[in-house]
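Subject: Structure handover

Hello,

Here is the structure I promised you. Please open it and keep it beside this email while you read.

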Amino acid sequence: MHQEHTAMKVCTDACLFGAWSAADAQIQNAKKILDIGSGTGLLSLMLAQQSNAHITAIEIEAGAFKQTKDNFELSVWKDRLDVIHSSIQDYASNKEQPLFDCIITNPPFYEGDLNSPDNAKNLAAHSTALPWDALAEAAASLLQENGAWYVLVPTLRAYTMQKFASTYGLQLSQECLMYNDAKHLPIRAMLKFVKQKEATIQRHKIVIKNADQSYTKEFVNYLKDYYLHL
């Protein structure tokens with residue numbers, strides 16, 4: 001993965017989120033997938049590796065758009081990958097846009113935090129340009145009935161995202177808490193919402209590292225198809 005033009009670099013939690021999502025049957029059987037805020041294009045490429053879907057990526061920041069485009073062009077799945085330079089709000093406002101079977105998002109996390117002097121990093125990390133309410137509304141409007149939305153959030157804000165999603169008819173069906181190690185609190189929540197009236201919630205957890213800082217067996221099983229050294 002090339003990432004020299006993106007403000008937010010590839011990280012372990014995003015990789016695990018991509019692998020967790022790609023292992024889901026709805027992703028593997030999808031025909032059309034949308035990646036909101038593609039950054040490097042990492043998530044799209046991971047999903048392309050495990051599905052036969054056509055994947056559309058949306059990226060608002062110019063450098064990240066170029067990075068996604070370049071990484072797609074270098075990929076063996078490039079014929080199934082497209083990237084559009086746009087905000088998701090503008091993209092979703094076009095009522096002629098196709099509906100998707102699945103959507104994946106690693107959204108901006110921060111709200112009231114001190115902004116960076118780097119405008120590109122602010123777009124990638126802060127929710128000012130993409131409030132979660134607007135994100136949930138866009139995801140719901142672009143999903144097929146019974147479609148699935150996969151989203152990565154800080155654990156303490158998982159319920160906030162659940163409330164926004166529910167407002168637009170998206171029900172939580174899976175919550176997987178991500179732990180860096182067994183001694184600490186979870187760092188991220190990987191959520192799957194479905195566009196239907198109700199859903200039974202399945203709850204799981206994944207621990208990344210053992211006490212000796214080696215990767216856990218479960219983490220290796222998820223990432224071995226993507227990490228060259230596993």
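First, a definition: two strands pair if DSSP finds at least two bridges between them. Strands (E, at least two residues) and helices (H or I, at least four) are DSSP runs, numbered from the N terminus. This is a predicted model: local features need pLDDT of at least 70, side-chain atom pairs count only at pLDDT 80 or more, and totals for chains, interfaces and linings use all residues. Residues are numbered from 1 along each chain as its sequence is written, and side-chain values use heavy atoms, without hydrogens and water.

**The sheet**

Eight strands form an open sheet with mixed pairing. The order is E3-E2-E1-E4-E5-E7-E6-E8. Strand E3 (81-85) and strand E8 (202-209) are the edges, and each pairs on one side only. Strand E6 (170-181) runs parallel to E8, joined by 7 bridges. Cys176 has His204 in E8 as its bridge partner.

**The cores**

A nonpolar core is a set of buried Ala, Val, Leu, Ile, Met, Phe, Trp, Tyr and Cys residues joined through side-chain atoms within 4.5 Å. Buried means under 20% relative accessible area, with a 1.4 Å probe and protein chains only. The largest core has 38 residues. Leu16, Phe17 and Ile33 are among those with the most contacts inside it. Helix H1 (residues 12-22) gives the most to this core: 7 residues. A second, separate core has 31 residues, including Val151 and Leu191.

Phe17 is worth a click. In contacts (heavy atoms within 4.5 Å), Phe17 touches Leu43, Tyr150 and Met190, among others, not counting residues up to four places away in sequence.

Best wishes

Conventions:
Buried < 20%, exposed > 50% of the residue type's maximum accessible area, 1.4 Å probe, protein only.
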